[in-house]
Amino acid sequence: MTALAGPQVTTFTAFRATLRRDLLIALTRRNDLLNPLMFFLIVVSLFPLGVSSDPQELTRIAAGTVWVSALLASMLSLDNLYRADYEDGSLEQLLLSPQPLYFMVLAKNIAHWLVSGLPVVLLAPLLAYMLYLPADAYWTLMLTLLLGTPVLSLFGSIGVALTVGLGSRGLILAVIVLPLTVPVLIIGAKAVADASLGVSLGMHYALLGALLALSLSLAPLASAAALKISVN
Amino acid sequence: MSDSHIHNPDASGAVPLLRAHALFCERDDRVLFSGLDFDVQAGDLMQVQGSNGSGKTTLLRILCGLNGSYEGELYWRGVPIEEDREGFLASLLYLGHRVGVNKILTARENLRWSCALHSPVTDNDIETALARVGLAGYADVICRNMSAGQQQRVSLARLLLNPATLWVLDEPFTTLDVHGVRTLESLLAEHVLAGGAVLVTTHHPLAVPCTLRRLNLDTRGANNS
């Protein structure tokens, strides 16, 4: 048997390989990559049409609009996270790897954020400009999205992991994920609104940072446990 | 028929690789198996038999730890599996009904990832393994453009790339053609002769140049043939 026992790979190698694989899949499936981003763009651009084209009115709702759209765009892309892997059996391979599942799930979540969250962060200033957000709030918007969107991916991952084995998911994913992500929305939108008023933002950043730390350390564990239940 | 214990006290008292003791599993109020005992020694090729719905797949998934709804004990090299799960997983290779091949990626990309979870491989290793399973020149073909049998072969290439001791294969023959069947049979024989162990479910009569043990879930009991 010693002849069969080969060299082991480090967790870092496995982490990198998983991240690389998921990015490769996302880049190949351009639709999945563009859908959330287009959705984000369309939803935000509908608000001036539906609410009012008055700059003052738009300024008032700009922060909330961008944040709500970012949250919905993130929800839309969540399903890609484990579904294909569940259906083709790759998920079983992942669960049966001798690597700590925490890091494997984290790699998948980071890949998800890089293709769905980061583009939203980068696109946000353009949409903020469209909604007449005061220029001094741009950085706050980007920074809060930068802290907040990873939390959306990490918490969302728990919901997808729980529901991936169900035939028809429908709204259940939203029911599970939204309560977890609403605090991010409230704090993020409030921070951007406060930025245009010139209020100190330290507390908002601290809270978002705390949420990010919490979700980074705990959410992958919850996702891993949920995945184990889903393949059972 | 009987729930007789088929432990192998011979083999110079060697600790079996895998030991299942008093396994019980029930699904939808129907008992699939109860009081199931068997050992898998190094060098064993064990075919799990049983009619459709007798619980072959369930048994294999329980052994791998993918299915937790069972009662009974499982030991890996004499140690309860849950105590050294990582050590067990490092020695396990499971190929299920769903082959674990992503259709968007190429054969090479698929294998590079699944191997990176277990043991380091080079591109050369991957090409050699693909050639062995009859996919020479297919390394950079996207798996969506392959037939079901070819996708199965991509997953079989993992048998050559992963140094696992215990192979657990669920219906690995289903989509293979005659040559594929022969290749897989010789892979199984090579593995058990090198001191590995194989648990396989199949309805296909295995033609292998080594001892074949059978575990029949309909009559419940392990016997050599």
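This is a predicted model: local features need pLDDT of at least 70, side-chain atom pairs count only at pLDDT 80 or more; totals for chains, interfaces and linings use all residues.
1. Start with one term. A residue is buried if 20 or more other C-beta atoms lie within 10 Å of its own, exposed if 12 or fewer, and partly exposed in between. Keep this cut-off in mind for strand 7 of chain B, where B:L166, B:V168 and B:D170 on one side are buried.

2. Five of its five residues are buried, so the strand is largely enclosed by the rest of the structure. Look next at its partners. Strand 6 of chain B runs parallel to strand 7 of chain B, and four bridges join them. Within that pairing, B:L95 has B:L169 as its bridge partner. Strand 8 of chain B, residues 197–201, also pairs with strand 7 of chain B in the parallel sense, over five bridges. Here B:V168 stands opposite B:L199.

3. Those last two residues turn up again in the core. The largest nonpolar core has 134 residues. The members that touch the most others are A:V66, B:L92, B:A157, B:V168, B:V198 and B:L199. Helix 6 of chain A, residues 101–130, gives this core its largest share, 13 residues. As background, nonpolar side chains tend to be buried together in soluble globular proteins.

4. Which residues does B:A157 contact, leaving aside its neighbours within four places in sequence? They are B:L111, B:A129, B:L130 and B:V133.

5. Now the other sheet in chain B. It is an open sheet of four strands, with the order 2-1-4-5 and antiparallel pairing. Its edge strands are strand 2 (30–40) and strand 5 (79–80) of chain B. Each of these edge strands pairs on one side only. Strand 1 and strand 4 of chain B pair in the antiparallel sense over five bridges. In that pairing, B:F24 stands opposite B:E71 of strand 4 of chain B.

6. Follow strand 4 of chain B, residues 71–76, into strand 5 of chain B. The two run antiparallel and are joined by two bridges. One bridge sets B:W76 against B:V79. Another sets B:Y75 against B:P80. The hairpin has two residues between the strands, and B:R77 takes a positive phi near 50° there.

7. Helix 1 of chain B, residues 56–64, lies across strand 1, strand 2 and strand 4 of chain B. The helix runs at about 125° to strand 1 of chain B.

8. Turn to chain A. Two packed helices are described by the angle between their axes and the distance between the axes. For helix 1 and helix 6 of chain A, the axes come within 8 Å and cross at roughly 35°. The crossing is right-handed. Residues of helix 1 of chain A that meet helix 6 of chain A include A:F15, A:L19 and A:L23. On the side of helix 6 of chain A, the residues include A:F103, A:I110 and A:L114. The contact divides into twelve nonpolar, two polar and two charged residues.

9. A:R16 belongs to helix 1 of chain A, residues 11–28.

10. Compare a loop residue. A:P134 lies between helix 6 and helix 7 of chain A. With 16 other C-beta atoms within 10 Å, A:P134 is partly exposed. Leaving aside neighbours within four places in sequence, A:P134 is in contact with A:T59 and A:S196. The C-alpha atoms of A:P134 and A:G167 are 33 residues apart along the chain and separated by 46 Å.

11. Last, the contact between the chains. Chain B gives 34 residues and chain A gives 30. On the side of chain B, the elements that give two or more residues are helix 2 (85–90), strand 6 (92–95) and helix 3 (107–116). Helix 3 of chain B gives the largest share of this side, five residues. The side of chain B divides into 17 nonpolar, twelve polar and five charged residues.

Technical notes: Residues are numbered from 1 along each chain as its sequence is written. Chains are lettered from A and ligands numbered from 1 in the order in which they are written. A nonpolar core is a set of buried Ala, Val, Leu, Ile, Met, Phe, Trp, Tyr and Cys residues joined through C-beta atoms within 7 Å. Two residues are in contact if their C-beta atoms, placed from the backbone, lie within 7 Å. Ala, Val, Leu, Ile, Met, Phe, Trp, Tyr, Cys and Pro count as nonpolar, Asp, Glu, Lys and Arg as charged, and the others, Gly among them, as polar. Axes are lines fitted to C-alpha atoms, for helices over the stretch in contact, and angles run from 0 to 180 degrees between N-to-C directions. A crossing is left-handed if the near helix is turned anticlockwise from the far one by less than a right angle, and right-handed if clockwise. Two strands pair if DSSP finds at least two bridges between them.
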